[in-house]
Amino acid sequence: MTGEVVTRFAPSPTGFLHIGGARTALFNWLYARHTNGKMLLRIEDTDRERSSQEAVDAIIAGLQWLGLECDGDPVSQFARADRHRAVAMELLNAGKAYYCYASQEELAEMREKARAEGRPPRYDGRWRDRDASEAPSGVSPVIRIKAPRDGETVVRDHVQGDVRFPNKDLDDFIVLRSDGSPTYMHAVVVDDHDMGVTHIIRGDDHLTNAARQTIIYQAMGWPVPEMAHIPLIHGADGAKLSKRHGALGVEAYRDMGYLPEALRNYLARLGWSHGDDEIMSTEDMISWFEIADINKGAARFDFAKLEALNGHYIRAADDADLVNRFADLIDYLPGCAWISDRLDDTRRGQLLQAMPGLKERAKTMIELIDSSRYLFASRPLDFDEKAANILTDDARAVLARSIAALEAVERWDVPSLDAAIRALAENEGLKLGKVAQPLRAALTGRSTSPGVFDVLAVLGRDEAIGRIRDCVA
């Protein structure tokens with residue numbers, strides 16, 4: 001197939017953009033960008049009972065958050081029903097399809113007979129060559145494709161290789177229901193053809209569909225797009241991916257504090273590889289992505305690997321950019337309104353100053369937000385259990401003596417604060433931790449935090465000494 005590459009992502013709007021769909025969209029997007037082609041978005045909304053505008057909005061928002069922009073406006077499959085019907089009539093008039101008047105009772109009998117004989121249930125073609133004049137009255141017919149009965153249909157797949165389907169197993173499937181609505185199998189082919197799709201990259205659960213869709217392409221005399229059916233994602237235990245493994249909507253990953261560039265990188269490595277490269281920029285992925293490099297085996301989703309990769313991206317991020325992401329994220333997260341109310345210019349400045357220390361310890365944005373809470377805390381602080389246990393009478397006595405040492409610091413910066421506290425510990429005959437740990441608890445209300453000298457510097461002289469005085473008092 002020559003000319004511009006056109007891929008498509010075609011989700012059903014029955015829920016959020018789940019992680020498997022996000023990877024499918026990413027692979028389509030990467031291949032389109034790699035070939036200077038296009039990726040189109042089609043919303044397969046023919047199931048009117050389960051489809052919703054809320055789900056459409058969530059899918060589009062999820063793609064935007066991931067940075068996977070589509071080319072052109074989304075196409076509604078439901079809105080194209082007239083075109084699907086017209087193609088079904090073309091097939092009918094060309095003798096490539098036929099009206100079938102089999103009743104529900106007859107179809108049930110066929111299924112029962114097949115089961116009794118140990119065969120998969122298949123339509124037996126009883127109306128394939130009958131004249132419509134024999135049609136029973138009062139029955140609205142369906143339109144069935146005249147599938148080839150002999151030989152095999154071959155799906156030439158870039159991931160699975162040549163997959164062969166005996167035509168006897170494919171039967172004369174329905175393209176138009178009795179109420180005039182198109183089946184999914186038929187609508188997909190018409191839409192892909194009309195949208196100029198040249199490459200179909202989707203989950204391997206569609207492999208059998210590919211055989212039936214190939215029959216429609218051939219009946220219409222249309223070129224069959226290149227196909228690549230990618231293995232589904234499994235959980236770390238090898239079982240099919242479920243919610244307990246991480247089969248969530250991408251907005252859940254945003255709310256868990258993952259960065260979109262980290263999730264993109266991680267999803268790209270789920271079933272596709274480029275040598276031993278683990279960390280890849282988006283530019284690298286676009287440059288390197290080839291369908292031939294997609295693995296044939298199922299990939300396993302591993303939260304620990306995603307978290308480690310996310311930590312890398314947080315550490316590598318620009319501090320000012322992280323402050324902006326911090327501000328955007330707290331608007332989404334439950335329980336963060338109190339931070340949002342206090343994120344004024346002064347606190348933004350403190351957050352920017354604290355960011356080098358905060359991001360070194362955070363694997364997710366949630367951890368980063370959590371470790372920054374000391375900046376937003378009101379005096380007197382609440383102490384968690386571990387911090388309260390650190391603040392013994394002896395520790396408070398050390399804190400009382402630290403106030404004078406800190407008040408004597410002329411230049412309120414990390415080196416000066418470090419020197420002052422080390423000198424105090426030495427004068428007291430204490431290890432540094434015996435002074436630093438009570439200081440950390442008094443300043444943050446917790447037993448863990450960024451470096452205590454960073455905390456002192458970011459809080460500023462008045463706030464830091466005030467918090468220590470509160471604790472001593």
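Figure 1. Arginine 85 is partly exposed, with a relative accessible area of 29%. In this predicted model, arginine 85 forms a salt bridge with aspartate 82. The closest N and O atoms are 2.5 Å apart. Both residues sit in helix α3, three residues apart, so about one helical turn separates them. Aspartate 82 is exposed, at 57% relative accessible area.

**Figure 2. The pair of arginine 126 and aspartate 124.** A salt bridge joins arginine 126 to aspartate 124. Here the closest N and O atoms lie 2.8 Å apart. Arginine 126 is partly exposed, with a relative accessible area of 29%. Aspartate 124 is also partly exposed, at 40% relative accessibility.

Figure 3. The side chains of glutamate 69 and arginine 33 meet in a salt bridge, at 4.0 Å from N to O. The pair links distant parts of the chain, 36 residues apart. Glutamate 69 lies in the loop between α2 (53-66) and β3, and arginine 33 in helix α1 (residues 19-34). Glutamate 69 counts as partly exposed because its relative accessibility is 45%. Arginine 33 counts as buried, at 18%, since buried means under 20% relative accessible area.

**Figure 4. A network of salt bridges.** Side chains of opposite charge can pair when their charged atoms come close. The count for the model comes to 36 salt bridges. One network of salt bridges links Arg8, Arg42, Glu44, Arg80, Arg83, Glu90, Asp191, Asp192 and Asp194.

**Figure 5. The surroundings of glutamine 77.** Glutamine 77 lies in the loop between β3 (75-76) and α3 (81-93). Glutamine 77 counts as buried, because its relative accessibility is 0%. Its side chain makes a polar contact of 3.0 Å with the side chain of aspartate 191. Aspartate 191 also belongs to the salt-bridge network. Leaving aside neighbours within four places in sequence, glutamine 77 is in contact with Arg42, Ile43, Glu44, Asp45, Thr46, His84, Ala187, Val188 and Asp191.

**Figure 6. The largest cavity.** The count comes to one cavity of 30 Å³ or more. The largest cavity has a volume of about 30 Å³. Its lining is made by Asp370, Ser371, Arg373, Tyr374, Thr444, Arg446, Thr448 and Ser449. The elements that give two or more residues to this lining are α14 (365-371) and α15 (373-376). By class, the lining has one nonpolar, four polar and three charged residues.

Key. Residues numbered from 1 in each chain as written. Predicted model: local features only at pLDDT ≥ 70, side-chain atom pairs only at ≥ 80, totals over all residues. Heavy atoms only, no water. 1 Å grid on protein atoms, 1.4 Å probe; cavity = no way out; pocket = protein on both sides within 12 Å on 5 of 7 lines; lining within 4 Å. Points joined across faces, edges and corners; volume = space filled by probe spheres on them. Helix = DSSP H or I, 4+ residues; strand = E, 2+ residues; numbered from the N terminus. Nonpolar A, V, L, I, M, F, W, Y, C, P; charged D, E, K, R; others polar. Buried < 20%, exposed > 50% of the residue type's maximum accessible area, 1.4 Å probe, protein only. Polar contact = N/O pair within 3.5 Å; in protein donor to acceptor, adjacent residues only side chain to side chain. Contact = heavy atoms within 4.5 Å.
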